[in-house]
Amino acid sequence: MNIEGSVALVTGANRGLGARLVERLLDAGARRVYATARDPRSVAATVSTDPRVNVLALDVTDQSSVDAAAKTATDVTMLVNNAGVLGFGGALDGDLDLFQRDVATNYVGLLRVSRAFVPVLTANAPGAIVNVLTLIALAPVGGMAGYCASKAAAHSATQSMRAELRGRGIEVIGAYPGGIDTDMLAGVDADKAAPEVVAERIITGVAAGRTVIWPDDASAGAGSVYSTDPLALEVMLAG
Ligand SMILES: NC(=O)c1ccc[n+]([C@@H]2O[C@H](COP(=O)([O-])OP(=O)(O)OC[C@H]3O[C@@H](n4cnc5c(N)ncnc54)[C@H](OP(=O)(O)O)[C@@H]3O)[C@@H](O)[C@H]2O)c1
């Protein structure tokens, strides 16, 4: 997908990886970027005052908010499903309300936004849907069972949409980062890549036409294990 001249919409663009993705898209020559957030006032002024940036309210769990964004952002050629939440807990003892929140945001929310924007992307084709997934969508780590399951569902949805949109001029791309140094993993002692690096590699991967993107060193290593032996990745991540 050619980033130069594209019109991108990023969910969860007010902080973390989403904010960095907006910057990288602009650096790479996007003509316009819709920086969307649950609270548009939380998008940094340095970004929102850029003439190429339109700030929009978008809560991925709220159908009317998503519909309103799709009615406004009718020139989008690249949807970046980045918004996400993480509730900690094991499969057998985690808080099921948190599991449901993760599923509602990371899986159903991604589908809700994608469905709303497919008509827009089709009208403006060629285009792309870029889903920010995670390495641990492919095999879980301990203490994040609900999150991993929600991202596994989003990974599956990515594959389904890729098949359903084949031949319609819309690429469906999955990015599978390892740990990233953002609020989401604050307080967790783990290897974390800088969000700037992850954003840069996602956008470079999209521009290079990749369908699957491993956007940091840890995920690149684990991704090659997964490609040859998925069970070995499960054993590796389960510790
Ligand atoms: N951090 C990691 O280690 C890591 C690793 C792999 C993949 N990822 C994925 O990368 C993406 C970005 O995460 P991050 O690390 O940047 O986390 P973050 O710093 O916690 O940011 C999460 C973003 O998602 C937004 N969001 C949450 N619920 C939303 C909703 N219902 N509607 C719209 N926006 C919503 C948040 O907005 P508010 O400010 O309104 O809460 C925030 O902008 C997520 O999909 C995450 O799963 C993260």
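Q: Which residues of α1 are buried?
A: In this predicted model, the buried residues of α1 are Leu-17, Gly-18, Ala-19, Leu-21, Val-22, Leu-25 and Leu-26.

Q: Where does α1 run, and how many residues has it?
A: Helix α1 covers residues 16–27, which is twelve residues. From its first C-alpha to its last it reaches 17 Å, close to the 16 Å expected at 1.5 Å a residue.

Q: Changing topic: which residues does the UniProt domain annotation cover?
A: The unreviewed UniProt entry carries the annotation "domain: Ketoreductase" for residues 6–176. Over that range, the chain is 43% helix and 18% strand.

Q: On to the pockets. What volume has the largest pocket?
A: The volume of the largest pocket is about 1100 Å³.

Q: How many residues line the largest pocket, and which lie nearest its centre?
A: The lining consists of 42 residues, and those nearest the centre are Gly-84, Leu-86, Tyr-147, Thr-182 and Met-184. Two or more lining residues come from each of α1, α4 and α5 (145–164).

Q: Which element has the largest share of that lining?
A: Helix α1 has the largest share, with three residues.

Q: What is the make-up of the lining of the largest pocket by class?
A: There are 22 nonpolar, 13 polar and seven charged residues in the lining of the largest pocket.

Q: What about the second largest pocket: what is its volume?
A: The second largest pocket has a volume of about 180 Å³. Its lining includes Tyr-107, Leu-111, Ser-114, Arg-115, Met-161 and Arg-168. The elements giving two or more residues to this lining are α4 and α5.

Q: Which of the elements gives the most to the lining of the second largest pocket?
A: Helix α4 does, with five residues. By class, the lining of the second largest pocket holds six nonpolar, two polar and three charged residues.

Q: How many cavities of 30 Å³ or more are there?
A: The count comes to one cavity of 30 Å³ or more. About 70 Å³ of space lies in the largest cavity.

Q: Which residues line the largest cavity?
A: The lining is formed by Thr-11, Val-60, Asn-81, Asn-82, Ala-83, Thr-105, Asn-106, Gly-109, Leu-110, Val-132 and Lys-151. Helix α4 (residues 96–123) gives the most to this lining, with four residues. The lining of the largest cavity divides into four nonpolar, six polar and one charged.

Q: How many aromatic pairs does the structure hold?
A: The structure holds one aromatic pair. The partners are Tyr-176 and Trp-214, with ring centres 5.4 Å apart.

Q: Why is the pair of Tyr-176 and Trp-214 called tilted?
A: The ring planes of Tyr-176 and Trp-214 lie at 40°, so the pair counts as tilted.

Q: Where in the chain are Tyr-176 and Trp-214?
A: Tyr-176 is in the loop between β6 (170–175) and α6 (195–207), and Trp-214 is in the loop between β7 (212–213) and α7 (217–228). The pair links distant parts of the chain, 38 residues apart.

Q: Is Tyr-176 buried or exposed?
A: Tyr-176 counts as buried because its relative accessibility is 3%, and the limit for buried is under 20%. Trp-214 counts as partly exposed, at 23% relative accessibility.

Q: Which residues does the cis peptide bond join?
A: The cis peptide bond joins Ala-125 and Pro-126, with omega of about 10°. Pro-126 is placed in the loop between α4 and β5 (127–132).

Q: One more topic: where is Lys-71, and is Lys-71 buried or exposed?
A: Lys-71 is in helix α3 (residues 63–72). Lys-71 is exposed, with a relative accessible area of 71%. From Lys-71 to Leu-98, the C-alpha to C-alpha distance is 31 Å, and the two are 27 residues apart in sequence.

Q: And where is Thr-61?
A: Thr-61 is in the loop between β3 (53–57) and α3. Thr-61 counts as partly exposed, at 38% relative accessibility.

Technical notes: Residues are numbered from 1 along each chain as its sequence is written. This is a predicted model: local features need pLDDT of at least 70, side-chain atom pairs count only at pLDDT 80 or more; totals for chains, interfaces and linings use all residues. Side-chain values use heavy atoms; hydrogens and water are left out. The expected span of a helix is 1.5 Å times one less than its number of residues. Buried means under 20% relative accessible area, exposed over 50%, partly exposed in between (1.4 Å probe, protein chains only). UniProt positions are given in the numbering used here, feature names are shortened, and annotations may be inferred rather than shown by experiment. On a 1 Å grid over the protein atoms alone, a cavity is a set of points where a 1.4 Å probe fits but cannot get out, and a pocket is an open set with protein on both sides within 12 Å along at least five of seven lines; lining residues have an atom within 4 Å of a point. Grid points are joined across faces, edges and corners, and a volume is the space filled by probe spheres set on the points. Ala, Val, Leu, Ile, Met, Phe, Trp, Tyr, Cys and Pro count as nonpolar, Asp, Glu, Lys and Arg as charged, and the others, Gly among them, as polar. Rings of Phe, Tyr and Trp (its six-membered ring) pair if their centres lie within 6.5 Å; planes under 30 degrees apart count as stacked, over 60 as edge-to-face and the rest as tilted.
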